[in-house]
Amino acid sequence: AAKADLEAALKELDDRMTSSAPDPSLLADRGLVRDLLGDEENARRDYRRARDKGFTEEWLLERIRALRD
């Protein structure tokens, strides 16, 4: 049930993204959902994009450090 909820959340976040300039908080949230689903590569990409757009909450920076490749 938890995985299905995460997959539903991922779909909702994808639907809310704008192609040209996604909101950094949505990127951070999508990164977290992907992280929880085990998709580390895409989680890391979303986390970094969120950071680069100015989202600098400590939890996000910690996840970027934890997922370094």
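User: By how many Å are the mean positions of the positive and negative charges of the chain apart?

Analyst: In this predicted model, whose residues are numbered from 1 along each chain as its sequence is written, local features need pLDDT of at least 70, side-chain atom pairs count only at pLDDT 80 or more, and totals for chains, interfaces and linings use all residues. Side-chain values use heavy atoms, with hydrogens and water left out. The mean positions of the 14 positive and 17 negative charges are 4 Å apart, where Lys and Arg count as positive, Asp and Glu as negative, and His and the chain ends are not counted. Each charge is placed at NZ of Lys, CZ of Arg, CG of Asp or CD of Glu.

User: What makes up the secondary structure of the chain?

Analyst: The chain has four helices and zero strands, and from the N terminus on its elements run α-α-α-α.

User: Why does the radius of gyration of the chain agree with a compact globule?

Analyst: The radius is taken over C-alpha atoms, and the globule rule is 2.2 Å times the number of residues to the power 0.38. For 69 residues the rule gives a value near 11 Å, and the chain has 11 Å, so the two agree. The C-alpha trace spans about 30 × 25 × 20 Å along its principal axes.

User: Why is Arg34 called buried?

Analyst: Buried means under 20% relative accessible area, exposed over 50%, and partly exposed in between, with a 1.4 Å probe and protein chains only. Arg34 has a relative accessible area of 12%, and therefore counts as buried. This residue lies in helix H2 (residues 24-36). Leaving aside residues up to four places away in sequence, Arg34 touches Leu10, Asp14, Asp39, Asn42, Ala43, Arg45 and Asp46, a contact being heavy atoms within 4.5 Å. Across the chain, buried residues make up 32% of the 69 residues.

User: What makes the meeting of the Asp15 and Lys11 side chains a salt bridge?

Analyst: A salt bridge is a side-chain nitrogen of Lys or Arg within 4 Å of a carboxyl oxygen of Asp or Glu. For Asp15 and Lys11 the N to O distance is 2.9 Å, so the pair meets that cut-off. The two are four residues apart in helix H1 (residues 2-16), which means that about one helical turn separates them. Asp15 counts as exposed at 53% relative accessibility, and Lys11 counts as exposed at 52%.

User: Which side chain meets that of Asp35 in a salt bridge?

Analyst: The partner of Asp35 is Arg63, at 2.7 Å from N to O. This pair links distant parts of the chain, with Asp35 in helix H2 and Arg63 in helix H4 (residues 58-66), 28 residues apart. Asp35 is buried, because its relative accessibility is 14%, whereas Arg63, at 28%, is partly exposed.

User: How many salt bridges does a search of the whole structure find?

Analyst: The search finds eight salt bridges. One of them joins Arg65 to Glu58, whose closest N and O atoms are 2.8 Å apart. Both residues are partly exposed, Arg65 with a relative accessible area of 41% and Glu58 with 44%. Elsewhere, salt bridges that share partners join Asp14, Arg30, Arg34 and Asp46 into one network.
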